[in-house]
Amino acid sequence: GPALEVLPAPQPLRQPPRPVASVESPCSLVDLSLRALCNSMNDWLDEDGCPCMNFWELPFELSSALFEMACSHRRLNDQNLRAFLHCQVQKVQLAQYPGVSDAWLGAIATFQGLRVLDLSHSLVSDDGLSAAVALGGTSDGLTCLRLEGCDQLTDASVALLVHAFAPRLEELDLGGCARLTDA
C-alpha cells in the first residue's frame, strides 16, 4: 500500500502577548461621553444659573462615575451640583474642595444611597447641617461622616449629628473643628 506520511507533532497554541502595563487601553464610548459631560459642566446651566439637565434617571454606575469624575477634576460648584439631585451617589469626597458651603448641603441631602460624606475643611456650618438633616437626606445609610477642620461647626452640630446618625454611623471625624468644646 501507499506509504504513510509522518506528520510533525502539533505545536501548542501560542498565547497572545499580554498588554504592557504602562499602555492604556482605548477609552470606551461611555468613558468618552462622561469626559465630555464633565468638561462641559458650565454649559449645563441656563441663563438663570439653573441646571438644564438632571442625571437622576441615569443608571447608578453612570451618575456615580460622572459625579466622581466631576469631583476629581474640580468641576463642581453649588449651581451645577443640582444636576445630581436625587442621584444614587455612595461617596461624596469633597475634603478641601473649593467653595463647599451650606449651599451644597441641600443637593447632597437628596443623594440616594449615600454611605460616605467627607466635607473636611469646608465652610459648612450648624445651619447647613441642620437644614440637610431636616430634609431627611443621608440619614438612611450614612456610615462615615468626616467634617475635620470645619471651623464653623459648634457643639450644637455634634448633638444634631449624634441624634440623626448615631445608630448607623461607624466613623465621625470632627478633629480640628476650632469652635467645638469638650462639653
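This is a predicted model: local features need pLDDT of at least 70, side-chain atom pairs count only at pLDDT 80 or more; totals for chains, interfaces and linings use all residues.
Phe-67 and Phe-84 are both buried, where buried stands for under 20% relative accessible area, exposed for over 50% and partly exposed for the range in between (1.4 Å probe, protein chains only). Residues are numbered from 1 along each chain as its sequence is written, and side-chain values use heavy atoms, with hydrogens and water left out.

**The chain as a whole**

The protein chain holds five helices and four strands. Helices (H or I, at least four residues) and strands (E, at least two) are DSSP runs, numbered from the N terminus. Their order along the sequence is α-α-β-α-β-α-β-α-β. The chain has 183 residues, and 35% of them count as buried. Among contacts with a separation of 6 or more, 72% are between residues 24 or more positions apart, a contact being heavy atoms within 4.5 Å.

**The aromatic cluster**

Back to those rings. A pair of aromatic rings is described by the distance of the centres and the angle of the planes. Rings of Phe, Tyr and Trp (its six-membered ring) pair if their centres lie within 6.5 Å; planes under 30 degrees apart count as stacked, over 60 as edge-to-face and the rest as tilted. The whole structure has six aromatic pairs by this search. One of them is the tilted pair of Phe-55 and Phe-84, with 5.3 Å from centre to centre and 45° between the planes. This pair links distant parts of the chain, 29 residues apart: Phe-55 is in the loop between helix H1 (29–39) and helix H2 (60–72), and Phe-84 is in the loop between H2 and E1. Phe-55 is buried at 6% relative accessibility, and Phe-84 is buried at 0%. Phe-84 also pairs with Phe-67: the ring centres are 5.3 Å apart and the planes stand at 80°, so this pair is edge-to-face. Here too distant parts of the chain are linked, since Phe-67 sits in helix H2 and Phe-84 in the loop between H2 and E1, 17 residues apart. Trp-44, Phe-55, Phe-67, Phe-84 and Phe-111 make up one aromatic cluster.

**The sheet**

The strands form an open sheet of four, in the order E1-E2-E3-E4 and with parallel pairing. Strands E1 (91–93) and E4 (171–173) stand at the edges with a single partner strand each, so one side of each has no neighbour in the sheet. On average, neighbouring strands of this sheet are turned by 5° against each other, direction ignored; the axes are lines fitted to C-alpha atoms, for helices over the stretch in contact, and angles run from 0 to 180 degrees between N-to-C directions.

Inside the sheet, strand E2 (residues 116–118) and strand E3 (residues 144–146) run parallel and are joined by three bridges; two strands pair if DSSP finds at least two bridges between them. Val-116 has Cys-144 as its bridge partner in E3.

**Charged links between strands**

Side chains of opposite charge can pair when their charged atoms come close. A salt bridge is counted when a side-chain nitrogen of Lys or Arg is within 4 Å of a carboxyl oxygen of Asp or Glu, and by this rule there are two.

| Salt bridge | N to O distance |
|---|---|
| Arg-146 and Asp-118 | 3.9 Å |
| Glu-171 and Arg-146 | 2.9 Å |

Glu-171 in strand E4 and Arg-146 in strand E3 are 25 residues apart, so this pair links distant parts of the chain. Asp-118, Arg-146 and Glu-171 are linked in a network of salt bridges. Which of these residues are buried and which partly exposed? Asp-118 is buried at 10% relative accessibility, Arg-146 is partly exposed at 22%, and Glu-171 is partly exposed at 32%.

**A serine in helix H5**

One last stop is Ser-157, in helix H5 (residues 155–165). Ser-157 is buried, with a relative accessible area of 2%. Leaving out residues up to four places away in sequence, Ser-157 touches Asp-126 and Leu-129.
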